[in-house]
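Have a look at the model first.

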Amino acid sequence: MNKRQSQAKTIRIFRKIHHLTGISLFVFFFVVSISALLLGWKKDSGGIILPETMKGTSTDLQQWLPLDSLNSIAEQAVMDTLNTDEVQQIDRIDVRKEDGIVKFDFKDNYLGLQLDGATGKVLQFGPRRSDLIENIHDGSILDDLFGTNGVWKLIYTSIMSIALFIFTITGFWLWYGPKRMKRNKKR
């Protein structure tokens with residue numbers, strides 16, 4: 001086998017790998033690309049994907065209510081809004097001193113609540129679609145569905161990362177290989 005035939009064989013192998021990877025992971029790449037696009041636009045979605053950050057009445061922490069009081073207000077506001085006696089588990093508390101607010105993100109229902117740090121007034125309450133989109137994007141939604149502790153996310157991200165690496169290498173070679181063959185033919 002001469003050098004040109006060897007190069008052509010390598011290109012065919014890379015094309016086959018590229019093709020099979022694309023076919024087998026098409027749905028996953030589609031989901032990752034759409035979710036990445038939405039996450040890229042989340043802050044510029046006019047509050048559709050990620051609620052706008054509101055402004056509180058004071059940025060002076062000494063005028064703020066204690067965090068445990070704000071926590072109680074947030075839990076009660078969610079229970080009242082959802083018309084339930086069950087306390088919703090808080091996933092994250094985000095203190096935004098510069099905005100005068102405290103954001104509460106709830107674990108199981110992708111809800112968010114913003115309170116004025118000084119008055120405890122509810123400034124915003126609603127869905128945090130960005131959290132759901134993030135969980136879809138990184139595969140952690142599978143762990144939520146199956147009740148596992150990060151196993152599916154690890155498998156999913158590993159497969160997708162390896163596939164992207166394979167696409168990068170094979171795609172480059174599918175572009176560069178024919179150029180190299182033409183250059184070698186001219187010599």
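I159 is partly exposed, with a relative accessible area of 42% (buried is under 20%, exposed over 50%, partly exposed in between, using a 1.4 Å probe and protein chains only). You'll find I159 in helix α6. Keep in mind that this is a predicted model, where local features need pLDDT of at least 70 and side-chain atom pairs pLDDT 80 or more, while totals for chains, interfaces and linings use all residues. Numbering runs from 1 along each chain as its sequence is written, and side-chain values use heavy atoms, leaving out hydrogens and water.

I159 also belongs to a nonpolar surface patch, together with L145, F146, V151, W152 and I155. Patch members have over 30% relative accessible area and no salt bridge, with nonpolar side chains joined within 5 Å. α5 and α6 each give the patch at least two residues, and the largest share, four residues, is from α6.

Now for the inside: there is one cavity of 30 Å³ or more. A cavity here is a set of points on a 1 Å grid where a 1.4 Å probe fits but cannot get out, and lining residues have an atom within 4 Å of a point. Among its lining residues are L50, F104, Q114 and R128. The lining splits into four nonpolar, three polar and three charged residues.

| Feature | Value |
|---|---|
| Nonpolar patch, accessible area together | about 590 Å² |
| Largest cavity, volume | about 50 Å³ |

Methods. 1 Å grid on protein atoms, 1.4 Å probe; cavity = no way out; pocket = protein on both sides within 12 Å on 5 of 7 lines; lining within 4 Å. Points joined across faces, edges and corners; volume = space filled by probe spheres on them. Nonpolar A, V, L, I, M, F, W, Y, C, P; charged D, E, K, R; others polar. Patch = residues over 30% accessible without salt bridge, like charges linked within 9 Å, V, L, I, M, F, W, Y side chains within 5 Å. Areas by Shrake-Rupley, 256 points an atom, 1.4 Å probe, with all protein chains shown as cover. Salt bridge = Lys/Arg side-chain N within 4 Å of Asp/Glu carboxyl O.
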